[in-house]
Amino acid sequence: MKNKTYSRYAFIFACSILALFASCSKNSVQLQDGTFTGTGEGRNGNIEVSITVENGRITDAKVLNEMETPDIGFPAEEPILTQFIQDGSTKDIDVVSGATLTSNAMLDALDMATDKAKGKEKTSQSYTDTSCDIVIIGAGGAGLVAATESANKGAKVIVLEKMGIVGGNTNSSTGGINASYTKEQERLGIKDSKEVFFEDTMKGGKYLNDPELVHTLVDNSKATVEWLESDLIGADLTDVGIFGGATNKRIHRPQGGGAIGAHLVPLLYNAAVKQGADIRLKNKVTDILKAEDGSACGVRVNYEGSEYTIKAKAVIIASGGFGANPEMVAKYNPELKGFGTTNHKGATGDAFKMVEKFDASLTQMEQIQTHPTVVPSSGTMITEAVRGNGAILVSRSGKRFVDEMETRDVVSKAVLEQPGATAFLVFDQNVRNSLKAIESYAKAGFMKQAETPELLAKQLGIDEKSFAQTLERYNGFVASKNDEDFARNVNSMERSLTAAPYYAIEILPAIHHTMGGLKINSKAEVQNKNGKSIPGLFAAGEVTGGVHGANRLGGNAVADICVFGKIAADSALDYISK
């Protein structure tokens, strides 16, 4: 994807795209000899690089420090550094597929180092007290949706993001967006309905979900997909698959099974900026302002140690969950103390303290989801789509032990009950060919590979005969369209595992999603403890609770952030117009 504007500007990695470069005649600025460093913010923190200049020419570039997980760090580094040394510029470097955040952070860091070699100092940004119509806390998926919708309808919008990049956990979403009765399902001959979607979601959440919120999610899902596919956003949601807990295929994603987050975030950012939203990075909201009449009327913000105030007619909280706050996780669910997490480091639940002055109601905070297929060595989540496209789970005994397409809580529990509290995700070349996301796992070195089931079992250290028999038995179930052992959904059994090479990834559960949060109504209005809407205060996304109940179905998170992000914007617009 040739996209120096699309990918880099999409994530606002703040260095300007300048006409670089050193020893080429087309460049007028000579580089100074020496070694220069630069930093850029990746998913898990800063990436620091250095460049070496000799005789006005870049001769070396290397990564000094990083906190990225192997699957998103390693694939990006070598090709970017190699091309940078060759070209002496970042302007024509492609982002690496599956490693967009790391790629952009490295490009930003290389630009900073190059500017230092030119003798240029970074211009410091400053902010002063101001006002707007709507202020949005958080530039993750929900915040970007709300920003796009409200700015598109004429509001003056400021979005405040405490991290150095936009996207939040949405950046790492590899699944898709659930929706029913869509034109994409109709085109593919998929039979589905709102009623089945509603029942699947309620059942998956153990009927602890707020039915009103679930109806709102389901009833708006088709229109939300169409909104994302419209010219305003331009998303590709033409591939439709199946995830755990779903009766029918309804998870919409980019063609070929590409990751939804890396696709949507830059599109939403570009759309929000194009409509006039002011998106500010590294601006941490420290408090929500309360007017004398009890309404929300703005925020206090900290930017690099300096504080300023934004007065607003309405506030939308889209700051995400608390899955990266181990103390808060243990407080609400002690059984999860010590678990790893798939969350980005900014998911710390800051908003809950800020709303205490409004007597805001929290709901179901103890409902915290683990994702069953996470790589132990890195904390990298393996998308549920691998199972949806045909993979199975096998224990160290070489046998299946669960319906792989059960809900995440059920599968996680089953994995933890196996010897070593881990298991192996097993698939073949046909499954690999069916899903682009798998290629990033291969590049990261997560996959064991062999030409026969017996050789793969030997690599895994499990009984070869038992493993081969398990695959043969499962393939028989695929042929008969009937899983006699665990009654797996036949819609996820369209591929027999017979095409060499065979692959396996060791997995275990880790904290993935916090289902509890601020109590809202169907208009995304934050509720107080008396069941009344707090004037001027709205919320959307993982910071809210009640949509998912005791367990979130794969594909419902993106549906949640998009449906309720848009509703929050529309409700805020309606509120300020009165």
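This is a predicted model: local features need pLDDT of at least 70, side-chain atom pairs count only at pLDDT 80 or more; totals for chains, interfaces and linings use all residues.
**Helix α4 and its two partners**

Helix α4 covers residues 141–152 and helix α8 covers residues 260–274; their axes come within 8 Å and cross at roughly 30 degrees. Angles under 35 degrees count as roughly parallel, and α4 and α8 are therefore roughly parallel to each other. Their crossing is left-handed.

Helix α4 also meets α17, with axes that come within 8 Å and cross at roughly 40 degrees. That angle makes α4 oblique to α17. Here the crossing is right-handed. On the α4 side the contact is made by Gly-141, Ala-142, Val-145, Ala-146, Glu-149 and Ser-150, and on the α17 side by Ile-561, Cys-562, Gly-565, Lys-566, Ala-569, Asp-570 and Leu-573. Seven of these contact residues are nonpolar, three are polar and three are charged.

From α15, the residues Pro-453, Glu-454, Leu-456, Ala-457 and Lys-458 meet Glu-464, Phe-467, Ala-468 and Leu-471 of α16. This contact divides into six nonpolar residues, no polar ones and three charged ones.

| Helix pair | Crossing angle | Axes come within |
|---|---|---|
| α4 and α8 | roughly 30 degrees | 8 Å |
| α4 and α17 | roughly 40 degrees | 8 Å |

**The nonpolar cores**

The largest nonpolar core has 88 residues, and the members that touch the most others are Leu-228, Ile-288, Val-299, Ile-317 and Leu-537. Helix α17 (residues 556–577) gives the largest share of this core, 11 residues. Apart from it lies another core, of 45 residues, which includes Tyr-441, Leu-471, Tyr-474 and Ile-505.

Leaving aside residues up to four places away in sequence, Leu-537 touches Ile-288, Ala-296, Val-315, Ile-317, Val-355, Phe-358, Ala-524, Glu-525 and Val-526.

**Two arginines to compare**

Arg-400 sits in the loop between β15 (392–394) and α12 (408–416). Is Arg-400 buried or exposed? Its relative accessibility is 9%, so Arg-400 counts as buried. Not counting residues up to four places away in sequence, Arg-400 touches Ile-392, Leu-393, Thr-470, Tyr-474, Phe-477, Asp-483, Asp-485, Phe-486 and Arg-488. Arg-400 and Phe-424 are 24 residues apart in sequence, and their C-alpha atoms are 9.6 Å apart in space.

Arg-495 is in the loop between α16 and β18 (502–514). With a relative accessible area of 27%, Arg-495 is partly exposed. Beyond residues up to four places away in sequence, Arg-495 touches Asn-389, Asn-430, Val-431, Ser-434, Tyr-474 and Val-478. Arg-495 and Val-478 are 17 residues apart in sequence and 7.0 Å apart from C-alpha to C-alpha. Tyr-474 is touched by Arg-400 and by Arg-495, and Tyr-474 is also listed in the core of 45 residues.

**Backbone details in the loops**

Most residues other than glycine have a negative phi, and most peptide bonds are trans.

The loop between α16 and β18 holds Lys-481, whose phi is near 60 degrees, a positive value in a residue other than glycine. Lys-481 is partly exposed, with a relative accessible area of 47%. Pro-501 is also placed in the loop between α16 and β18, and the peptide bond from Ala-500 to Pro-501 is cis, with omega near 0 degrees.

Glu-304 lies in the loop between β11 (296–303) and β12 (306–317). Phi of Glu-304 is positive as well, near 50 degrees. Glu-304 has a relative accessible area of 57% and is exposed.

Notes. Residues are numbered from 1 along each chain as its sequence is written. Side-chain values use heavy atoms; hydrogens and water are left out. A nonpolar core is a set of buried Ala, Val, Leu, Ile, Met, Phe, Trp, Tyr and Cys residues joined through side-chain atoms within 4.5 Å. Buried means under 20% relative accessible area, exposed over 50%, partly exposed in between (1.4 Å probe, protein chains only). Helices (H or I, at least four residues) and strands (E, at least two) are DSSP runs, numbered from the N terminus. Contact means heavy atoms within 4.5 Å. Ala, Val, Leu, Ile, Met, Phe, Trp, Tyr, Cys and Pro count as nonpolar, Asp, Glu, Lys and Arg as charged, and the others, Gly among them, as polar. Axes are lines fitted to C-alpha atoms, for helices over the stretch in contact, and angles run from 0 to 180 degrees between N-to-C directions. Angles under 35 degrees count as roughly parallel, over 145 as roughly antiparallel, 65 to 115 as roughly perpendicular and the rest as oblique. A crossing is left-handed if the near helix is turned anticlockwise from the far one by less than a right angle, and right-handed if clockwise.
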